Amino acid sequence: MHPNALLDLATELLRQVLKLDQPADAVVSAFFRKHRGLGPRERHSLAETTYAVLRQRLLFAHLAQSGSGALERRLAALAWQGSDNFLRGALGTQEQKWLAEVQSIDRAGLPEKLRHNFPDWLASALKNELGDGFWPLVEAIEKQAPLDLRVNTLKAKRDDVRAALGEAGIEAETTPYSPWGLRIDGKPALQKLDLFIRGDVEVQDEGSQLLAALVAPKRGEMVVDFCAGAGGKTLALGALMRNTGRLYAFDVSAHRLDSLKPRLARSGLSNVYPALIAHERDDRIKRLAGKIDRVLVDAPCSGLGTLRRNPDLKWRQSPKAIEELNAKQRDILASAARLLKPGGRLVYATCSLLRSENEAIAEAFGEAHPEFEPLAAGPALAASQAERVDELVTEAGHLKLRPHQHATDGFFAAAWQRRA
Ligand SMILES: C[S@@+](CC[C@H](N)C(=O)[O-])C[C@H]1O[C@@H](n2cnc3c(N)ncnc32)[C@H](O)[C@@H]1O
């Protein structure tokens, strides 16, 4: 494709994504479905350019002020993630001159906001939360996340999968904390590999794997994944149960539960029971009250721990939306807790970095529910063969992961045991 035609497409894609009325990954996928003729390299340039704009939107919007022509074209040129030569082929002489000028600006001297690229409310919330970790986080989320895999221990061993990936020309390292994880640099096409098709691996961030390790369901138990979504954690839990017992995968979204089905088929699990619920007080939950050994509440949240993958969330979340989520999180946790039998384990988790969605929810639940005793995450993770657990837990005994410290998405989890 002629460079200018591709830059025109990048301009159009950015116009759609920057409306911010839908998740960026959904807009990008729909765009690619409409433009089927695009090759893998063209798709890569378009998607990564779009994500680069979302990551550093304030900086690029500032630098774009001086140019002319469509704003989105200037943003695409500034954030271009293909080759420089290709981009030059797309730009007119004036545009090239402008780009060279703005690219020579010393970015380290720009105001703070143009260096962290957060809206004000979020910058102050994250500074409060992270202190000295704020700037390391900014740096960590400007980079792409690595690709983590979870080896399906029902079907394969980690060393064998690593060797098979090596034979396919894909270098993988073992993950530092999860006993089932492999980490790959870059984004090789895995879907066509035999080991993927037969369900030996699933794509799953190491942090998500650690949540399953914290729930630690055993053979033959009754387990509920309360907010199962597309079932990333369900599959990990089912494998830990060695395909025995009963694992209910609840969610209010039929669409998300539908995406679980092909993954379930690949995984070889037959102990999973997906169930659509209307809301957290659905009758199905009342029927199972007091009967369940382990419950995971992977609560709907702001997703701000996933900014490496979803940089649009910085611009799509708001304090009001987070307050609404907080109410939902409280309700779902209180309802899910009723499922547990005495001695049972409850885990509340989010992929948020914000205290209001994490500690605040856990503390309020603990105060209102003396029948639940806090369970320290460290020993529980160690019992699941997680490694270097001291690096993963807080003084209060919560699991807390950060992109800049652990190279995972940001996660929080609190656990309790129901008193007998
Ligand atoms: C963080 S996502 C879950 C991700 C999933 N556990 C995974 O590992 O792929 C939160 C999920 O909660 C679901 N949800 C929202 N409200 C709910 C409710 N009241 N009861 C149960 N699930 C709910 C959403 O549909 C969404 O799929």
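Helices, as the term is used here, are DSSP runs of H or I with at least four residues, numbered from the N terminus. On this basis, in what is a predicted model, G39 falls in the loop between α2 and α3. G39 is exposed, since 9 other C-beta atoms lie within 10 Å of its own, where the limit for an exposed residue is 12 or fewer. Although G39 and M1 are 38 residues apart along the chain, their C-alpha atoms are separated by 9.2 Å.

A UniProt annotation from an unreviewed entry, "domain: SAM-dependent MTase RsmB/NOP-type", covers residues 137-419. Over these residues the chain is 36% helix and 22% strand, and the end C-alpha atoms are 38 Å apart. Helix α13, formed by residues 206-215, is mostly covered, with ten of its ten residues buried; among them are E206, Q209, L210, L211 and V215. The residue that follows α13, A216, has a positive phi near 50 degrees.

The shell around the ligand consists of 20 residues, of which C227, G229, G232, S253 and D298 come nearest. The elements that contribute two or more residues to this shell are α14 (232-240) and β6 (246-251). Classified by residue type, the shell holds nine nonpolar, six polar and five charged residues.

The feature "active site" is placed by UniProt, again in an unreviewed entry, at C351. In the model, C351 lies in the loop between β9 (340-350) and α19 (359-368). C351 counts as buried because 25 other C-beta atoms lie within 10 Å, the requirement being 20 or more. When residues up to four places away in sequence are set aside, C351 touches C301, G303, G305, T306, D409, G410 and F411.

Most residues other than glycine have a negative phi. N117, although it is not a glycine, has a positive phi of about 55 degrees, and this residue is located in the loop between α8 (112-116) and α9 (120-130). A407 likewise has a positive phi, near 60 degrees, and is a residue other than glycine; A407 is found in the loop between α21 (403-406) and β12 (411-418). N117 counts as buried, having 21 C-beta neighbours inside 10 Å, and A407 is assigned to the buried class on the basis of 21 C-beta neighbours inside 10 Å.

Key: Residues are numbered from 1 along each chain as its sequence is written. This is a predicted model: local features need pLDDT of at least 70, side-chain atom pairs count only at pLDDT 80 or more; totals for chains, interfaces and linings use all residues. A residue is near a molecule or strand if its C-beta atom, placed from the backbone, lies within 6 Å of it. Ala, Val, Leu, Ile, Met, Phe, Trp, Tyr, Cys and Pro count as nonpolar, Asp, Glu, Lys and Arg as charged, and the others, Gly among them, as polar. UniProt positions are given in the numbering used here, feature names are shortened, and annotations may be inferred rather than shown by experiment. Two residues are in contact if their C-beta atoms, placed from the backbone, lie within 7 Å.
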